[in-house]
Amino acid sequence: MLTVNTHLRNIRNYCRSVNRLSLACRSCCNNNINFLKLNYINGNLCHVTDQAEESSIEVREPASNAIIGNLASSGPKTVDAGVRSAASAFLEWSTQTSVDRGRALIRVSRLLQQRSEEFVKMEVRDTGKPIQEARADVQSAVDCFEYFGGIASTLSGQHLEFANHSFAYTRREPLGVCVGIGAWNFPIQIVSWKTAPALACGNTVVYKPSQMTPLTSSLLGEIITEAGLPLGCFNVIQGGPHTGTLLCQHPSVAKVSFTGSVPVGKKIMSYCSEGVKHSTIELGGKSPLIIFKDSDIDNAISGALMANFLSQGQVCSNATRVFVHSSIIDDFVARLVERTKKMIIGDPFDPETQVGALISEEHFHRVKGYIDQAINEGARVRCGGERIMLRNPKLAGGFYLSPCILDSCHDDMTIVKEEVFGPVLSILSFNDEEEVINRANNTHFGLSAGIFTKDIQRAHRVIGKLQAGSCWINNYNIYPTGYPFGGYKHSGIGRENCVQTLDHYSQLKTVYVEMGDVDCPF
């Protein structure tokens, strides 16, 4: 593990990046609280000019629970400034050719790659996830801008022939100002997944990151400006729920894309319906992973670990309901527990660490409460589920939870029905294919699903019957760029990370061309 001196050196490197970006605290809003300077409007970092009707937010480093700074929630004037900046930039950006827009996004990708370690360190500090995972997330952002830069020029319409040589054509046009509202578990990936396709289509963006992880979005703003996009193409408005509401209800906003919980997603859809705005939402999940008796057990165990313990289990697509055929369940669980106990919990900046800190004390107690309730309902803890106190005194305040495996679970347990969003894997036994399909689908979620089997016919047959939008056969939780990601049922509307995403950030115009005389009955 890293020494205290090494950890401090990492923090000093991070602080140099922060100071260079002028993110240091400064008093504002006519009070004595020092606030982080993290709004990014019209190409400049700036403070909130008016605070929303909610208290300031303490931004904490999950690894240590130390306070990074205070965040003011942007009020109506600040929100309006961000939207007006985006609306002004839209007039220039939307008239550029799709080829030029694509080239600009590829420049963003290259700059992001060059400065990737800055983003990695900020992402670790922001989220508490292991640095090896943060590197993968930043690379996902790099790939995303490159991908949408590459396909921007493919935006096109159709030619339709009608009688008397008349015809029609369609064209894809941008929507206008698009708002993105992100979650705290994948900050740099989520902002990139929303921003790159929006810009590729000719829109401009106002983005609100989670108030718990506000850092990397502002740094991305600097990258986008450096790449030569018009000032105001990308703006960051920081704040809590009220700030998000103001953005959704702003009359100049054409679309909202949200990632987060089902209750908040429903509110955002209602706000959008009032203004007849476009919306896409990626929400929660309670996904199934089915392990058939002919599976490669080692691969299936690897899949179950991938499906539950990345980012400390704080992943919406996680398959926390692991259905294992009764004939192999004892061997499967024994070997799964053995591998889980070997996972390294520690300093997120240590490259050997595999499990970092949960996002906050509040969230730790929420996850721990689910484990305790599961025990009371009859589940058995096979390993984990306990707070781990690290030896490094600098990290003693962080909330680290050992990966937990529960067996003796049944479908009616609270932990089997509700999204936990933590490192907790529930084992359920099954005997019959149709039985397990029905049980897997018995949820109002439908984000993801996975199966392990060597029977190719069964694989496609079962996947075809599972009610989920993002599925895997003999793997889990991998999202190569271009892989459409999104869910069924209460898990959301729309797809991200793929060519189909362009449809969500553009609108279709149809033009009829008459080649003869007007046939008029009057």
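**The open sheet and its surroundings**

A: Seven strands form an open sheet with mixed pairing, and their order across it is β16-β19-β20-β15-β14-β21-β22. Strands here are DSSP E runs of at least two residues, helices are H or I runs of at least four, both numbered from the N terminus, and two strands pair if DSSP finds at least two bridges between them. The model is predicted, so local features need pLDDT of at least 70 and side-chain atom pairs 80 or more, while totals for chains, interfaces and linings use all residues. Residues are numbered from 1 along each chain as its sequence is written, and side-chain values use heavy atoms, without hydrogens or water.

The edges of the sheet are β16 (380-383) and β22 (470-473). Each has a single partner strand, so one side of each is left without a neighbour in the sheet. For β16, strand β19 (residues 404-407) runs antiparallel to it, and 3 bridges join the two.

Helix α14 (residues 433-440) lies across β14 (288-291), β15 (321-325) and β20 (424-430), and it runs at about 145° to β20. Angles run from 0 to 180 degrees between N-to-C directions of axes fitted to C-alpha atoms, for helices over the stretch in contact; contact means heavy atoms within 4.5 Å.

I57 has L71 in β6 as its bridge partner. The hairpin has 4 residues between the strands, and N65 takes a positive phi near 65°.

The helix pair consists of α5 (131-151) and helix α6 (residues 187-200). The axes of α5 and α6 come within 9 Å and cross at roughly 5°. That makes α5 roughly parallel to α6, a label for angles under 35 degrees. On the α5 side, the residues that meet α6 are D137, V138, S140, A141, C144, F145 and F148. Across from them, α6 contributes I188, Q189, S192, W193, T195, A196, P197 and A200. By class, this contact of α5 with α6 has 10 nonpolar, 4 polar and 1 charged residues. Nonpolar covers Ala, Val, Leu, Ile, Met, Phe, Trp, Tyr, Cys and Pro; charged covers Asp, Glu, Lys and Arg; the others, Gly among them, count as polar.

Notes:
Angles under 35 degrees count as roughly parallel, over 145 as roughly antiparallel, 65 to 115 as roughly perpendicular and the rest as oblique.
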